[in-house]
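Have the structure open as you read.

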Amino acid sequence: MLENIVANKPIDVMERGLQAANLRQAVTADNIANVNTPNFKKSSVIFEDMLAKELGLDDDKRKLKLVRTNDRHLPVLPPGKVYAKTQLDNSTTMRVDNNNVDIDKEMAGLAENQIYFNALTRSIGSYMSRIKSVITSR
């Protein structure tokens with residue numbers, strides 16, 4: 001019973017968001033640590049666009065939704081869960097030593113990721129608090 005309350009879609013999406021933020025923090029830290037390493041190519045994390053497609057929030061509103069109109073039809077399977085992935089950027093070079101890390105962008109990304117992480121943790125805490133108040137109320 002408790003598993004059904006806690007293991008639901010909002011918690012699952014927020015948990016994967018936290019995993020993405022954690023990976024983004026590690027990737028950004030690696031990029032910053034190698035800002036002066038010759039021939040180093042920065043990496044980035046992709047997650048939000050893939051999650052939007054999974055949730056059906058992408059810009060393509062013209063897609064038809066699959067609907068099961070009869071019990072004998074094959075079930076409409078939900079899309080697979082997406083998780084954060086790292087992506088190497090070999091396309092650019094910032095300096096003569098072939099390094100493409102821009103420290104200003106990395107520091108701004110670090111601050112943005114911290115805000116994202118804090119917002120997700122507050123949302124999860126609020127969600128759990130609401131569940132707790134429903135369970136303990138009489």
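1. Asparagine 39 sits in the loop that runs between α2 and β1. Helices (H or I, at least four residues) and strands (E, at least two) are DSSP runs, numbered from the N terminus. Although asparagine 39 is not a glycine, its phi is positive, at about 65°. Asparagine 39 is exposed, and its relative accessible area is 52%; buried means under 20%, exposed over 50%, and partly exposed in between (1.4 Å probe, protein chains only).

2. A word on the source: this is a predicted model, in which local features need pLDDT of at least 70, side-chain atom pairs count only at pLDDT 80 or more, and totals for chains, interfaces and linings use all residues. Residues are numbered from 1 along each chain as its sequence is written, and side-chain values use heavy atoms, with hydrogens and water left out.

3. Asparagine 98 belongs to the loop between β2 and α4. Is asparagine 98 exposed or partly exposed? With 34% relative accessibility, asparagine 98 counts as partly exposed.

4. On the overall layout, the protein chain has four helices and two strands, in the order α-α-β-α-β-α along the sequence. Of the contacts with a separation of 6 or more, 82% are between residues 24 or more positions apart; a contact means heavy atoms within 4.5 Å.

5. Now the surface. Of the 138 residues in the protein chain, 26% are buried. The accessible surface of the chain is about 10,300 Å², and carbon and sulfur atoms account for 58% of that surface. These areas come from the Shrake-Rupley method with a 1.4 Å probe.

6. Finally, the second largest pocket has a volume of about 250 Å³. Its 16 lining residues include Thr28, Ser43, Ser44, Val45 and Glu106, the closest to the centre. The elements giving two or more residues to this lining are α2 (9-33), β1 (43-46), β2 (85-88) and α4 (103-136). On a 1 Å grid over the protein atoms alone, a pocket is an open set of points where a 1.4 Å probe fits, with protein on both sides within 12 Å along at least five of seven lines; lining residues have an atom within 4 Å of a point. The volume is the space filled by probe spheres set on the points.
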